[in-house]
Amino acid sequence: MAKRRRRNRKWLKRGLIFALVIAAGVISYLVYDAYFKEPAPAPIPEAPETPVVEDAKVDEGYGEVVEEEAVVEEKEEVVQYEGENPNDNAGLTGVMTFASVMNGVLRVRVNIDQYISGGTCTLDLIQNGKSIYNMVVPTIDSAATATCEGFDVATEGLPKGATKIVIKITAGGKSGEISGEVNL
């Protein structure tokens with residue numbers, strides 16, 4: 001009877017080891033499948049081009065529809081830069097892209113049309129023909145244009161009402177002025 005128990009334990013141990021080996025193999029496969037296999041890329045659907053067809057005409061003699069040749073409208077070629085090169089202008093030009101009071105701070109942002117290097121922007125706030133605030137910041141240069149670093153002015157202590165904003169840009173022997181208005 002002792003031999004039988006040993007045999008049973010022996011087969012039980014072998015069966016348990018076999019089950020563990022199988023389980024380890026299944027887990028390894030699942031981990032590999034989940035983490036190391038790259039999913040197949042989804043195909044990119046192509047949009048079919050549909051030509052624009054003029055209205056079909058009806059042949060008056062027989063009442064049949066006669067289709068004319070399909071007329072495909074050609075897209076206009078977009079000309080990226082029209083006009084003169086702004087870098088050739090005698091002065092500097094630009095636009096005030098943002099001027100607003102938020103949480104007691106006047107924020108003013110400006111884009112300059114030309115490429116400049118090492119310039120300055122001078123902000124002047126004017127009410128009733130008198131300057132009430134003045135600030136100077138450097139320009140930030142990019143590949144084809146520039147911008148003023150940005151003006152953030154605390155409005156506390158400044159008189160309330162309609163205020164003219166004048167920004168003078170100077171760089172490389174050129175200058176220009178951008179103006180706008182804001183209500184403080």
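Let's start with Asp124 and Ser131, whose side chains are joined by a polar contact of 2.5 Å. A polar contact is a pair of N or O atoms within 3.5 Å; within protein, one must be able to donate a hydrogen and the other to accept it, and residues adjacent in sequence count only if both atoms are side-chain atoms. Before I go on, this is a predicted model, where local features need pLDDT of at least 70, side-chain atom pairs count only at pLDDT 80 or more, and totals for chains, interfaces and linings use all residues. Residues are numbered from 1 along each chain as its sequence is written, and side-chain values use heavy atoms, with hydrogens and water left out.

So where does Asp124 sit? You'll find Asp124 in strand E5, residues 120–127. Strands (E, at least two residues) and helices (H or I, at least four) are DSSP runs, numbered from the N terminus. Setting aside neighbours within four places in sequence, Asp124 has contacts (heavy atoms within 4.5 Å) with Ser131, Tyr133, Asn134, Lys164, Ile165 and Val166.

Asp124 is buried but has no salt bridge. Buried means under 20% relative accessible area, exposed means over 50%, and partly exposed is in between, using a 1.4 Å probe and protein chains only. A salt bridge needs a side-chain nitrogen of Lys or Arg within 4 Å of a carboxyl oxygen of Asp or Glu. For Asp124, the nearest side chain of opposite charge is Lys164, 9.4 Å away. Here Lys and Arg count as positive, Asp and Glu as negative, and His and the chain ends are not counted.

How many salt bridges does the whole structure have? The search finds two. In one of them, Asp152 meets Arg107 at 3.3 Å, N to O. Asp152 lies in strand E8 (residues 151–154) and Arg107 in strand E4 (residues 105–112), so this pair ties together parts 45 residues apart in sequence.

Arg109 also meets Asp152 in a salt bridge, at 3.1 Å, N to O. Arg109 lies in strand E4 and Asp152 in strand E8, so that pair ties together parts 43 residues apart in sequence.
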